[in-house]
Amino acid sequence: MATALHRELYIRTDSALHRWAVRPKLLSLLSLMFAVALIRHVVVVPVALLGVLVLYGFARLPLTYLWQRLTYPGLFILAMVSVLPWVSGETVLWQSGWLSLRLEGLALAGLVVGRFLAILITGFILLGTTPFLDILKALRSLGLPSLLTDMTLLTYRYLYDIAEQLATMQQAMGLRGYGYRRQTTRQRWRWLAALLGTLLLRSYERSQRVYRAMRLRGYGQVTAGLPSPDRLYRTSPTTLMATGCTLGFAASLVLIEILISHL
Amino acid sequence: MHIPDGIIPAQVCAGGYALTGLTTWYVLRQIRRGPDPSEAVPKAALLAAAFFIGSSINIPVPPVSVHLVLNGLLGALLGWYAWPAILIGLFLQALLIGHGGLTTLGVNAVMMGLPALIARGIFQLRYPLGARLPLPWALGIAGFGAGALGIGLAALIFFGVIVFTIPSEFTLTTERNALLGLMVAHIPLMLIEGTFTTLLMLFLHRVKPELLKSQGG
């Protein structure tokens, strides 16, 4: 995971989606994700994907941003569904010996991959157009307990530091011979347990210092007010338009699904 | 072992969120009963970050290597705080690297978090065990149980969700065989996770026993 973390989450540019107030944006995009998750017919998938890609275009996020983030989860989902066209369904499209490509399995794989891509791209739109801190503030304003938002912020803040610390410790371990010296599996496991243990220990000791510093700054003493509501739920023509279009599109997907189910 | 977006129906995702909401309410209530709930927040947050980074460490199991899930260990070390730690970890993984998903966050939290809470209970057995056995033995046995059951129960929930929600085109026999095969494949992983948790507990017992005592809630 450490190597897969990306630092540039928020893309600083000017687009309608960047100007969209955070709270309605969060709620609208989550509704869209759930509407996509409701799709059960593969014919609806291209509509969902097209709509999401149009939204991505409006967000003016670079394609490299999408590509960098899609690679890892994309390979994962492909590995998961690649077996479906060969084992699921009755209608054989192509056969060679015991190996047969089946229509129903192929459609199911397409449905799963399509839904996955549409939801994931929607998530990237949210992340690329909204600073992470604003997402947390919006969640807090929606009633998420402060303990959860505080923990999320601290975890996020130290994630990169701890990843770098682990990389340094692994390098030091390598310099002491791990991976180069002849070792039994048992010895290697002891080294790795000590590595993870030390990482936990350092994090624990650091957390004591962080807590003392937070207490000195008044943490737990006063209830911090929510930030200025302006960026969170300001009503502007852009916000109204974006919220209306996204929710309308999500509702259309659900409606199409219902109509197809009754055909 | 996360369920990505798009795999399971929206109804199951909504059910996962409902169960997660209920568990979060209960867990936060338990945490708030402690003397100073905010005191353990930085500790839980930094340890959660360390756990999620630590789960990327390759563990050699010749001829391959595996990644640990560490949910049992999280439950054993963080107690009630393991639930918010897992929930936040899954949220960040879904957002930052697209691992898991936002629609499946509830289901994944139940899958990883409930076994962690059970692992917390199992790790408490070190006290009655410690009355009869030397402390390192009691710690090792309780740690092994917590680590192994953490991943074992998570695997059970994972395959349960997948098998009961995926394709109607699969025959019952195919489903049963797939479930059985995958469950059997997870037994060695349970042993690995349990053994590694034991080693880690013994390391922490030698170096910083305080970390094993303060369970934050």
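Predicted model: local features only at pLDDT ≥ 70, side-chain atom pairs only at ≥ 80, totals over all residues.
Conventions. Residues are numbered from 1 along each chain as its sequence is written, and chains are lettered from A in the order in which they are written. Local features need pLDDT of at least 70, side-chain atom pairs count only at pLDDT 80 or more, and totals for chains, interfaces and linings use all residues, while side-chain values use heavy atoms, without hydrogens and water.

Entry 1, extent. I looked up the contact (heavy atoms within 4.5 Å) and found 71 residues from chain A and 74 residues from chain B. The two chains bury about 6500 Å² between them, 82% of it on carbon and sulfur atoms; this is accessible area (1.4 Å probe) lost on being put together, summed over both.

I found one salt bridge across the interface (a side-chain nitrogen of Lys or Arg within 4 Å of a carboxyl oxygen of Asp or Glu). Lys208(B) and Glu205(A) form a salt bridge at 3.4 Å, N to O.

Pro60(B) counts as buried because its relative accessibility is 12%, and buried means under 20% relative accessible area (1.4 Å probe, protein chains only). Leaving out residues up to four places away in sequence, Pro60(B) touches Tyr178(A), Thr185(A), Arg188(A), Trp189(A), Leu192(A) and Ser65(B).

Definitions and conventions: Buried < 20%, exposed > 50% of the residue type's maximum accessible area, 1.4 Å probe, protein only.
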